[in-house]
Amino acid sequence: MTQTEDDFGDELADFVRRVGELRTARARPVGEHSVVLDAALFELQHVAEQLWPRYERMASGSGGASREERQERLLLKALFQRMPLPVVLVDRETVVRRLNFAATGLTGIRAGYATGRPLAALLTPGDRAAFRSQAAAVARGEGDRGLMVRLQQRPEEALLATLTALRPPGEPQPAVLVVFQAGSARGSAAAPPPPKTPDLAESTGHAELMDLMDAMASALLQLPSGARESILTRAARVLCGRFAEWVVADLVDGGLRRVVCLGPKGPAAAPLLHAMAGQEPASCPVVLEAARAGNGVLQVQPEDIDGFGHDPTGTPVLARAEVSSLMCVPLGAPGPVTGVVTLFRTGSARPFSMAEGQAVDVMSRHIDLAMRRPHPDESSSSVPPAAVDAEESCASASPPSSAAPPPPSA
């Protein structure tokens, strides 16, 4: 059986991961360096005897294609990427394999981050099971399907998802091509909805958000300029308790560094609180993605249970904290990210709404502006800052002071 490009890519990725582990092993005692050297020689032998011959066979096989065939492949690839409709290629489990530029704009997620993750996780919880079922039916060869779905980022907008089977060349299993279109399956001739009447709960929620934004602005204005960690910590305290059960603040300063972790009071939450405070921020995929690319995340019933890393026992943090809704916001995006704030709601608490996500996005810009203020001059530095009321609704934990900041992310 010939080696496919996907299999070769998986083996190459495993090799790169093992090389990274060997690089970290250089910190071992000098007496153990011989073991690391033997492992490195074994990896080099694996490349010379296995990976390189397979690469040559694949290169020679692809080189046999005619010029017309190569141009045809480039044309089809450009057609897929430039198609004005959002198009996503998934497998029978809805795991994303390819998505075009329009799909990237629709979902707000980069292609590199979405690849390998389930497309169903981007939908509202009520649409995920039906979408998975229809995708599996199409992959089994039961014909094309269409259903209405909604994205978590825009739950008010219904999208028609059309699913059709596609057999990629040289692959034994069929894939599923998903095309998203705005509107409904019956067309747009339906009567417009009646005007929406004011809702008391919505008005109350709006007033609470305005109070929260006012409290945040007051806290930021009372803090001295140049105190980045103090500003980030104080902003987290404003959000904790009144807006989210858990708030984690990370500073981007050459690398990712955890500043403070706030959570519920009491002995039951204390172990997890300290475990999250001592956690390496780079081990949290959602935090790392927000810091590197400036991509915020709002998830209800997050399906990627490993999205916020693990505790020292290997248990996913999201599962241990019983997170029902997650929001991860970069500070300063678009542009250089100065920090990342992650918020959890747990248990039966209502999930974060899009209106709350927009309010946090506004507050994140205010926090970033406060953190970027220049240091005060000598004459003003002697003036004590105004008193800031302490927030007592949450317990807090800070990373160990002996922990060195991680190296800059690649």
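How many of the residues in strand β10 (residues 339-346) are buried? Select β10 and you'll find that eight of its eight residues are buried, where buried means under 20% relative accessible area with a 1.4 Å probe and protein chains only. Strands here are DSSP runs of E with at least two residues, helices are runs of H or I with at least four, and both are numbered from the N terminus.

Before going further, note that this is a predicted model, with residues numbered from 1 along each chain as its sequence is written. Local features need pLDDT of at least 70, side-chain atom pairs count only at pLDDT 80 or more, totals for chains, interfaces and linings use all residues, and side-chain values use heavy atoms, with hydrogens and water left out.

Stay on β10 and show side chains. In a regular strand, side chains alternate between the two faces of the sheet. Here Gly339, Val341, Leu343 and Arg345 point one way, while Val340, Thr342, Phe344 and Thr346 point the other way.

Strand β6 (residues 246-253) runs antiparallel to β10, joined by six bridges. To see one of them, pick valine 248, whose bridge partner in β10 is threonine 342. Strand β9 (residues 323-331) is also antiparallel to β10, with eight bridges. There, leucine 326 has phenylalanine 344 as its bridge partner.

On a 1 Å grid over the protein atoms alone, a cavity is a set of points where a 1.4 Å probe fits but cannot get out, and lining residues have an atom within 4 Å of a point. The whole structure has one cavity of 30 Å³ or more, and the largest cavity has a volume of about 50 Å³, counted as the space filled by probe spheres set on grid points joined across faces, edges and corners. Select Leu239, Val329, Leu331, Val341, Leu343, Val360, Met363, Ser364 and Ile367 to see its lining. β9, β10 and α12 each give two or more of these residues, and α12 gives the most, with four.

Last stop: the second largest pocket, with a volume of about 810 Å³. A pocket is an open set with protein on both sides within 12 Å along at least five of seven lines. Of its 41 lining residues, Gln153, Asn295, Gly296, Val297 and Leu298 lie nearest the centre. Finish on α12 (354-372), which gives the most to this lining too, with six residues.

How values were computed:
Buried means under 20% relative accessible area, exposed over 50%, partly exposed in between (1.4 Å probe, protein chains only). Two strands pair if DSSP finds at least two bridges between them.
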